[in-house]
Amino acid sequence: MQGQVVVIGGGPAGLMAAERLSRSGWHVDLYEAMPSVGRKFLMAGKSGLNLTHAEPFEPFVSRYGTQAAWIAPLLRDFNADALRAWAHELGVETFVGSSGRVFPQEMKAAPLLRAWVARLRGQGVRFHVRHRWVGWDESGALCFATPSGGLQVRAQATVLALGGASWSRLGSDGRWAAWLATQGVALCPFRPANCGFICEWSAHFSERFAGVPVKSVRARLEAGGEEGTPGEFVITSRGVEGSLIYLFSAALRDRLEAGAPAVLWLDLAPGRSVERLASELARPRGRDSLSSHLRRRAGIEGVKAGLLRECLARDALNDPALLARTIKNYPLHMAACAPLDEAISTAGGVRTDALDERLMLKALPGVFCAGEMLDWEAPTGGYLLSACFASGYRAGEGAASWLVD
């Protein structure tokens, strides 16, 4: 086949779209605003690249919330098993961790990205870095700002994989939304997803515990009742962040946007009943300080003891029954979401009903979209990358089929 196809964006979705198009015989030019491709992908893999998750398909798809039904067909085309097989083709073996998360054997993103880019080059994909897309001109040509000046490119089909609106230093700044809006593309406002939150810490607590992890806790959205989800999070100078917080971030964000209280209820002592804690804490303290008493009788120390002091008045700390109830039902109040640019990912972007089943924009025939620029969200744990890969796969296949229709 002949003809030029353009992919804009060098993250997982864009690279996957380029791979599918080049395998279908099309000449592919990939344009990336940053000096190299895959920068956010590499950053995500700094502490261990979580590619996907090994849980069964139905619970896997449910992680995508209100967009689960829309995204399910994409994940059926390129599911977790297919993603692992694809990595194996690149010489990267994977394993399933104890939590069900899937990682490369070396835990790093760089070897996979290097092998992938090399294969794409071998398939004829041409890479153009430091080329920032700035919309279309009046004739419909794609416009790029480059180190050597402006550039106009005409393409038979275009795949946009421009990312969301967080981590702008790595290339995802959301500026593309204005250009699509002028073309009549339906959009949803950007919202933080997998985000941290602002809490009203005292200066003493913030200075002492910023950067300290809170481990071995359980969290839930309602007080009492269910046992809660185990995990850990990190205290920041302004609030909280980390995997356990991200798991509940969409619900907490929605409550804040609705003007409702956003509270995450913590069990600071899993495995100990409130009755046992009350009994232990009611024992005579003797010469022990409160800190020593909490450590000996409840296993509470360090940052957990600091949290209790943030929540309870001095007199309440000496009430064993109230203290026990607070340990088992600690109210972590969220005052606001952390800034959008600091979020792991974003919701919002191109509305799913603005796309056909091939992920082509209904308002712009021949223009396809993939990745985080679409209006979906998912928790961390491999779900974000899985959907980026799958949507890139669908957009690449969709563009290839549209070109021969």
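Because the model is predicted, local features are taken only at pLDDT of at least 70 and side-chain atom pairs only at pLDDT 80 or more, while totals for chains, interfaces and linings use all residues. Residues are numbered from 1 along each chain as its sequence is written, and side-chain values rest on heavy atoms, with hydrogens and water left out.

**The whole chain**

Start with the C-alpha trace, which spans about 85 × 40 × 40 Å along its principal axes. Colour by secondary structure to see 15 helices and 20 strands, where helices (H or I, at least four residues) and strands (E, at least two) are DSSP runs numbered from the N terminus. Of the 405 residues in the chain, 52% are buried; buried means under 20% relative accessible area, exposed over 50%, and partly exposed in between, with a 1.4 Å probe and protein chains only. Among contacts (heavy atoms within 4.5 Å) between residues at least 6 apart in sequence, 70% join residues at least 24 apart.

**Helices α1 and α6**

Select residues 12-23 and 110-122, which are α1 and α6; their axes come within 10 Å and cross at roughly 30 degrees. The axes are lines fitted to C-alpha atoms, for helices over the stretch in contact, and the angles run from 0 to 180 degrees between N-to-C directions. The crossing of α1 and α6 is left-handed, a term used if the near helix is turned anticlockwise from the far one by less than a right angle, with clockwise giving right-handed. Now show side chains: Pro12, Leu15, Met16, Ala18, Glu19 and Arg23 of α1 meet Leu113, Trp116, Arg119 and Leu120 of α6. By class this contact has seven nonpolar, no polar and three charged residues, where Ala, Val, Leu, Ile, Met, Phe, Trp, Tyr, Cys and Pro count as nonpolar, Asp, Glu, Lys and Arg as charged, and the others, Gly among them, as polar.

Rings of Phe, Tyr and Trp (its six-membered ring) pair if their centres lie within 6.5 Å, and planes under 30 degrees apart count as stacked, over 60 as edge-to-face and the rest as tilted.

**Aromatic pairs**

By this rule the count comes to 17 aromatic pairs. Select Trp133 and Trp179, an edge-to-face pair at 5.4 Å centre to centre with 85 degrees between the planes. The two residues stand 46 apart in the chain, Trp133 in strand β7 (residues 132-136) and Trp179 in helix α7. Trp133 counts as buried at 4% relative accessibility, whereas Trp179, at 24%, counts as partly exposed. Next select Trp201 and Phe205, whose ring centres are 4.6 Å apart and whose planes lie at 45 degrees, so that this pair is tilted. Trp201 counts as buried at 15% relative accessibility, and Phe205 likewise counts as buried at 1%.

Move to Trp167, in the loop between β10 (157-160) and α7 (176-181). Most residues other than glycine have a negative phi. The phi of Trp167, however, is positive, near 60 degrees, and the residue counts as buried at 12% relative accessibility. Two charged ends sit over its ring: that of Lys40 at 5.5 Å from the centre of Trp167, and Arg169 over the face of Trp167 at 5.6 Å from the ring centre. A charge sits over a ring if NZ of Lys or CZ of Arg is within 6 Å of the ring centre and within 35 degrees of the ring normal.

Then select Asn194, in the loop between β11 (187-193) and β12 (197-198). Asn194 has a positive phi of about 50 degrees although it is not a glycine, and counts as buried at 3% relative accessibility.

**Helix α11**

Select residues 290-298 for α11, whose buried residues are Leu290, Ser292, His293, Leu294, Arg297 and Ala298. Their cover includes α10 (274-281), α12 (303-311), α13 (314-317) and α14 (320-328). Just after α11, Gly299 takes a positive phi of about 70 degrees.

**Thr346**

End at Thr346 in strand β19 (residues 345-350), which counts as buried at 1% relative accessibility. Neighbours within four places in sequence aside, its contacts include Gly164, Ala165, Ser166, Phe190, Arg191 and Trp376.
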